[in-house]
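Here are my notes for someone opening this model for the first time. Have a look around before reading on.

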Amino acid sequence: MHRNGPTQDIDESELTVTQPKEQAAGVTAVAVALKRGVEEMGVLRTARTLARLNQVHGFDCPGCAWPEPTGHRRPAEFCENGAKAVAEEATLRTVTPEFFAQHSIEELASKSGYWLGQQGRLTHPMVLRPGATHYLPIEWDEAYQLIVEHLRALESPDEAVFYTSGRTANETAFLYQLLVRSFGTNNLPDCSNMCHESSGAALTSSIGIGKGSVSIDDFGKADLIIVAGQNPGTNHPRMLSALAGAKANGAKVIAVNPLPETGLLGFRDPQTLTGFTSGVAIADDFLQIRLGGDMALFQGLGKLLFEAEDRAPGTVVDREFVDAHCAGFAEYEKNVRAVDLGTVRAATGLTDDDLYRTSTLLAESKNIIICWAMGLTQQKHGVATIEEATNLLLLRGMIGKPGAGVCPVRGHSNVQGDRTMGIWEKMPDTFLDALDRELGIASPRKHGYDTVDAIRAMRAGAARVFFGMGGNFVSATPDTGVTEAALRSCALTVQVSTKLNRSHVVHGTTALILPTLGRTDLDLQNGAKQQVSVEDSMSMVHLSTGRLKPVSEHLRSEVAIVCELAQTLLGADHPVPWAQYQLDYDKIRDAIARVVPGCDDYNKRVRDRNGFVLPHPPRDSREFRTATGKANFAVNELTWTPVPAGRLILQTLRSHDQYNTTIYGLDDRYRGVHGGRKVVLMNIDDITEFGFVDGDLVNLVSEWTDGTERKVTGFRIVEYSTPRGNAAAYYPETNPLVPLDHVAARSNTPVSKAVTIRLEPHVHVGQDPSASEARS
């Protein structure tokens, strides 16, 4: 049944603000999840779909990568935002060729990303020809030929960029990178470049593998869990259940964040009787740290741990672990003993009592987990910050033991699996050698572009074809004006998508939209049902099986799109059996088993009810595959983010009604924001000092070292609990403020959590509130 999307776009004049909530989830979350499901899917489709979400023999959530519990799973093994993600994908609303005939590209470009996404599922491949005003339908074979013509017209394969979203399954990711390398380039930027690339760089340097070292079961064995720079209540709500379980077993939880996040302060588990009437206070302590002060915190805690060791030798530093498994300890000790606690207080905004209280827990706890997300990774010194957090765990011997370790909490559902499958512009030669031996190709060895460098290359005219395998590149990336101009300079842009988004209306001279199946959809190849596999945030690989009838017979699976394009581009004599892979995904997994480390006997092991866990040498055997052969203590100069006079440091973040760039609705009820998104959360003392009052409309102007300014307009000031000198606002609306060259050292991740801004009154009545500009 066809349903139309909403006709009205966001009206920011309807925005209202109430008091933030003190508890997350509970009966309200259940009601919102069911309401969204019924609105998008209808009653029966909602019931049938949610019953299979994250279940054995069901489908994996298209939202976050938080793992399912091993063994028994609850009847509703999902959260409110997971239900919203499914409703978005399994919606009965459709975007047909008739829709594109009714709406010109100019009109669509004037709409918000929220409005575009609400229109529904794409049903047909569409093309925008040079100079055309409307997208028109195109046959699949013709679309492939058009792509091939543009790729073959390039002077070098390196003039093409092949982006990947984290929702892409392992089978697609493996074939996609195989196609791209067969074509002759390593230009494989992905969404992890913008989120956890700093984690991968830091952990690879420190412990030899860029993945977390804990399992879901470790949470029940920990006695101290530090959650830093992270908002589980909105971004991965099922983590709250794991934290509540840990607390029931006696664990302490410390929250480290500039904003008080509702889920960490109070959690009502809707799948328990008590969860409907009362909540659990998740965080035993809340350290309201200044933006960019986390590195100083971890170094200060290291200094205090050494002082505690001095008072009681042999009780704090795990000498046995350090001597047997670590390198660089003496240099690290010298570095942090010299740290000035006055500087730590200035950088963090915390008190001596905060520091000593936290260091005492670190010294006395037997099993410690440190979790983090974008609040740490999207800092200029994000890699060093994560190294310093890891240093604390190494000091205490907390790697390779139950209930302890590093836990970078990944965002998108298979972003970690995509990297395992080869989606990286710098894959090691060992992987490429195995790929070449197995498939008979000759992979290029020159490193390719990551996301930031891809934008730079398109801007400079060095890349002229952009191919996006899922995602919403325009809205996910920094410096929106620069990114949009870069894409518009391309000869061809291709988007493989389930739904309409901003990247479809910011296009090259020629543009293609290729509609694909989603996680919820039944995937039949030549009449045979197919399954895909994904890897969660803790290295568990498991199957995902969609069951819903696709909204259109014209949809293709991502695997089919890659295989059909490969056959058109590479020809019938290419050594890779693309046609076989398209018809039988088991054959893809057999190839993966022979190429990807840890994936032996893939087809059998992935069919276990819990899937299988990939090897992790530090966790499994305290083996550290670094240059020294040991875990490395890092030595970093203390760096933090001072606030210039008359300015603020801005962090961009999600509302509760969004996941990454997908906007589900216009309420951030935990923060008390309703009916709109253009707000800036500020400390009352900053509001007063700058001459404003709560509710004023202002423009946000970011300042960059080269003198360039970027502006977004018409944001409402909201008084909020945040450290002085810090502010927060939602992305993608504030992405235009993040300079392309404002990136983390050693990871090239955009620094979206430390943007220097000033405020100016919003006085231009009638000005487009979504407009942004850059001027020198």
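1. Some ground rules. This is a predicted model, where local features need pLDDT of at least 70 and side-chain atom pairs count only at pLDDT 80 or more, while totals for chains, interfaces and linings use all residues. Numbering starts from 1 along each chain as its sequence is written, and side-chain values use heavy atoms, leaving out hydrogens and water.

2. The whole chain. Its C-alpha trace spans about 75 × 65 × 55 Å along the principal axes. Of the 776 residues, 65% count as buried (under 20% relative accessible area, 1.4 Å probe, protein chains only). Among contacts (heavy atoms within 4.5 Å) with a separation of 6 or more, 79% join residues 24 or more positions apart.

3. The second largest pocket. A pocket here is an open set of points on a 1 Å grid over the protein atoms alone, where a 1.4 Å probe fits, with protein on both sides within 12 Å along at least five of seven lines. This one holds about 990 Å³ of space. Its lining has 28 residues (an atom within 4 Å of a point), and G208, I209, G210, K211 and P428 are the closest to the centre.

4. Helix α9. Helices are DSSP runs (H or I, at least four residues), numbered from the N terminus. Along with α20 and α21, α9 (197-207) gives two or more residues to that lining. Eight of the 11 residues of α9 are buried, so the helix is largely enclosed by the rest of the structure; E197, L203 and I207 are among them. Next comes G208, with a positive phi near 95 degrees.

Note on methods:
Points joined across faces, edges and corners; volume = space filled by probe spheres on them. Buried < 20%, exposed > 50% of the residue type's maximum accessible area, 1.4 Å probe, protein only.
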